[in-house]
Amino acid sequence: VSLLVANGVQVVTSEGKNTSPYDRFESATPDVTQVAEPRPNGTVFTAYGGGEGHLVAINPNGTLRYYLNEHSEYYEVQPLGNDRVLVAAMQEYEEGECPAQHSCTLEQILTVNLDTGKTTTVYERYREGTADNEWHDFNKISDDKYLIADMEKERVFIVNTSTEIITWAWDPQSHYNIST
């Protein structure tokens, strides 16, 4: 038995060949299986392991509330209220799976209802390639504007999700000598 600590949540897992620490979440029954120590307010966290991403919500009593592993990776997660969270997700597609004629990555900001499981796309964009181009962080500025940290172009930008127009961008390479 091993102990995994992620964002303050302790998870006991069984060790064995090809065992992922996330197997416990995948086999858990929501609101029944205790997967963590009790916490006053519960916990929501994202993780990456074993080639797939994980979005996990734990009830205050330590039982599994919600589990999602449909994307290659999950990053930033932010509470919205009304049992909903915003999360940055990424899905990699190889050539032939991608809508274009090359490998690509689908970057998304999603709203997830932790009670119903309903997932809504707030904003998404495909990019060429599958390496080092994630959106690791974002901030909601208003109902339709988001500030996104973009690894692909090493910049920060604001997008209007209603129009999908990037209204502002800052590229540090244009302000600093990258050779120094």
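Visitor: Between which strands does the loop with Asp83 lie?

Guide: This is a predicted model, in which local features need pLDDT of at least 70, side-chain atom pairs count only at pLDDT 80 or more, and totals for chains, interfaces and linings use all residues. Strands are DSSP runs (E, at least two residues), numbered from the N terminus. The loop that holds Asp83 lies between β6 (73-81) and β7 (84-93).

Visitor: Is Asp83 buried, partly exposed or exposed?

Guide: Asp83 is not a glycine, yet its phi is positive, about 60°. Buried means under 20% relative accessible area, exposed over 50%, and partly exposed in between (1.4 Å probe, protein chains only). With 36% relative accessibility, Asp83 counts as partly exposed.

Visitor: What is the relative accessible area of Glu164?

Guide: Glu164 sits in the loop between β12 and β13. Its phi is also positive, about 65°, although Glu164 is not a glycine. Glu164 is exposed, and its relative accessible area is 54%.

Visitor: Which strands stand at the edges of the open sheet?

Guide: The open sheet has four strands in the order β10-β11-β12-β13, with antiparallel pairing. Each edge strand has a single partner, so one of its sides is left without a neighbour in the sheet; these strands are β10 (135-142) and β13.

Visitor: Which residue in β12 does Ile148 stand opposite?

Guide: Two strands count as paired if DSSP finds at least two bridges between them. Strand β11 (residues 145-150) and strand β12 (residues 155-160) pair in the antiparallel sense over six bridges. In β12, the residue opposite Ile148 is Phe157.

Visitor: How far apart are the ring centres of Tyr123 and Trp135?

Guide: Rings of Phe, Tyr and Trp (its six-membered ring) pair if their centres lie within 6.5 Å; planes under 30 degrees apart count as stacked, over 60 as edge-to-face and the rest as tilted. By this rule there are seven aromatic pairs. The planes of Tyr123 and Trp135 stand at 5°, so the pair is stacked, and the centres are apart by 5.6 Å.

Visitor: In which strands are these two residues?

Guide: Both Tyr123 and Trp135 are buried. They are 12 residues apart, and their pair links distant parts of the chain: Tyr123 is in strand β9 (residues 119-128) and Trp135 in strand β10.

Visitor: At what angle do the ring planes of Phe138 and Tyr146 stand?

Guide: Phe138 is buried at 1% relative accessibility, and Tyr146 is buried with a relative accessible area of 2%. Their ring centres are 6.3 Å apart, and the pair is tilted because the planes stand at 50°.

Definitions and conventions
Residues numbered from 1 in each chain as written. Heavy atoms only, no water.
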